[in-house]
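Dear colleague,

Please read them with the coordinates open.

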Amino acid sequence: MGGTEHLSVRREGATLILTLNRPEARNALSLPMLVGLYDGWLAADEDDGVRSVVLTGAGGAFCAGMDLKALAGGQMVGEEYRDRLKADPDLHWKAMLRQHRPRKPVLAAVEGACVAGGTEILQGTDIRVAGESATFGLFEVRRGLFPIGGSTVRLQRQIPRTHALEMLLTGRPYTAAEAAGVGLIGHVVPDGTALEKALAVAERINACGPLAVEAVKASVYETADMTEADGLAAELERGWPVFDTADAKEGARAFAEKRPPVYRRA
């Protein structure tokens, strides 16, 4: 598959791989990259053959955040992308998963720098893998800026508040081991193998019933801020229809027949 300037897109089985591709700038965010990301999220959700998405970076880095040099020079908006931004002023927030949640599971495969806007995008992903030398952090306050990609809201919901506030208020870098220790990432693997590990996890997801997977993901997020009673009621509304699908019957049949299930999103 193709992609846009600064973002490459390819399929591996049922997994769509989006690769931030500005290695000379440690994959700092540009408008072409953000347009490509948003188009990638939409393409994944619209393609029934895609069951998971992996987001990664080229050249040994994940994402170093916004391109501050280009921002300072007024170069963030390339002429060919102006119309897209005018048509959808929130496109960049959707690309960064601040105001858009893909219905397919999104995995992050992190090598090297994952800081500032990189850590903000990370918070919009579902499962996170990092090489042992990866670094994380929200550096905005060190530059007199605000981490407006959602971190003051989401980070405290994903890791303990004391750790969230330290990360937000000090702007210091965190090692992969530290990030795993506070729960920001789930797997630390040898350098250079984050994508391999993320794809292995994605393959396990791909082998499951896609309607069930998407319903489970939706239920987790939509019940996160509900009371337990309301959440349990909402879970029933999401979960019961899954049992009536042909895929659910296929799963039970395949188990009884001791064979891999063949799911058809039906």
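In this predicted model, Arg259 and Glu257 meet through their side chains in a salt bridge, with 2.6 Å from N to O. Arg259 counts as partly exposed because its relative accessibility is 29%, and Glu257, with a relative accessible area of 44%, is partly exposed as well. Elsewhere, salt bridges that share partners join Asp48, Arg103, Glu214 and Arg265 into one network.

The count of salt bridges comes to 17. One of them is formed by Glu214 and Arg103, whose closest N and O atoms are 2.5 Å apart. Glu214 belongs to helix α10 (residues 210–222), whereas Arg103 sits in the loop between α4 (91–95) and β5, so this pair ties together parts that are 111 residues apart in sequence. Glu214 is buried, with a relative accessible area of 12%, while Arg103, at 31% relative accessibility, counts as partly exposed.

Helix α10 also carries Lys217, which forms a salt bridge with Asp126, the closest N and O atoms lying 2.7 Å apart. Asp126 is in the loop between α5 (117–122) and β7, so that this pair, too, links distant parts of the chain, 91 residues apart.

Turning to the strands, is β5 mostly covered or mostly open? Strand β5 (residues 106–110) is mostly covered, since five of its five residues are buried, which here means under 20% relative accessible area. Val106, Ala108 and Val110 point one way from β5 and Leu107 and Ala109 point the other way, yet all are buried. Strand β4 (residues 52–57) runs parallel to β5 and is joined to β5 by four bridges; within this pairing, Thr56 has Ala109 as its bridge partner in β5. Four bridges likewise join β5 to strand β7 (residues 127–131), again in parallel, and Leu107 has Ile127 as its bridge partner in β7.

A separate passage concerns three strands that form an open sheet in the order β6-β8-β9, with mixed pairing. At its edges stand β6 (113–115) and β9 (174–175), each with a single partner strand, so one side of each is left without a neighbour in the sheet. Strand β8 (residues 135–137) pairs with β9 in the antiparallel sense over two bridges, and the bridge partner of Thr135 in β9 is Thr175.

Phe139 is found in the loop between β8 and α6 (151–158), and Phe139 counts as buried because its relative accessibility is 18%, under the 20% cut-off for that class. Leaving out residues up to four places away in sequence, Phe139 touches Val115, Ala116, Gly171, Arg172 and Pro173. The C-alpha atoms of Phe139 and Gln123, which are 16 residues apart along the chain, are separated by 15 Å.

Which backbone atoms does the side chain of Asn27 approach? A polar atom of that side chain lies 2.7 Å from the backbone nitrogen of Arg22, and the side chain of Asn27 also reaches the backbone oxygen of Phe62 at 3.4 Å. Asn27 is located in the loop between β3 (15–20) and α1 (31–46) and, at 0% relative accessibility, counts as buried. Once neighbours within four places in sequence are set aside, the residues in contact with Asn27 are Leu20, Asn21, Arg22, Met33, Gly57, Ala58, Ala61, Phe62, Cys63 and Ala64.

Finally, there is a nonpolar patch on the surface, formed by Leu236, Trp240 and Phe243, which together have about 390 Å² of accessible area. Phe243 is placed in helix α11 (residues 228–243), and Phe243 counts as exposed because its relative accessibility is 59%, over the 50% cut-off for that class.

With best regards

Methods:
Residues numbered from 1 in each chain as written. Predicted model: local features only at pLDDT ≥ 70, side-chain atom pairs only at ≥ 80, totals over all residues. Heavy atoms only, no water. Patch = residues over 30% accessible without salt bridge, like charges linked within 9 Å, V, L, I, M, F, W, Y side chains within 5 Å. Areas by Shrake-Rupley, 256 points an atom, 1.4 Å probe, with all protein chains shown as cover. Salt bridge = Lys/Arg side-chain N within 4 Å of Asp/Glu carboxyl O. Buried < 20%, exposed > 50% of the residue type's maximum accessible area, 1.4 Å probe, protein only. Pairing = 2+ DSSP bridges. Contact = heavy atoms within 4.5 Å. Polar contact = N/O pair within 3.5 Å; in protein donor to acceptor, adjacent residues only side chain to side chain.
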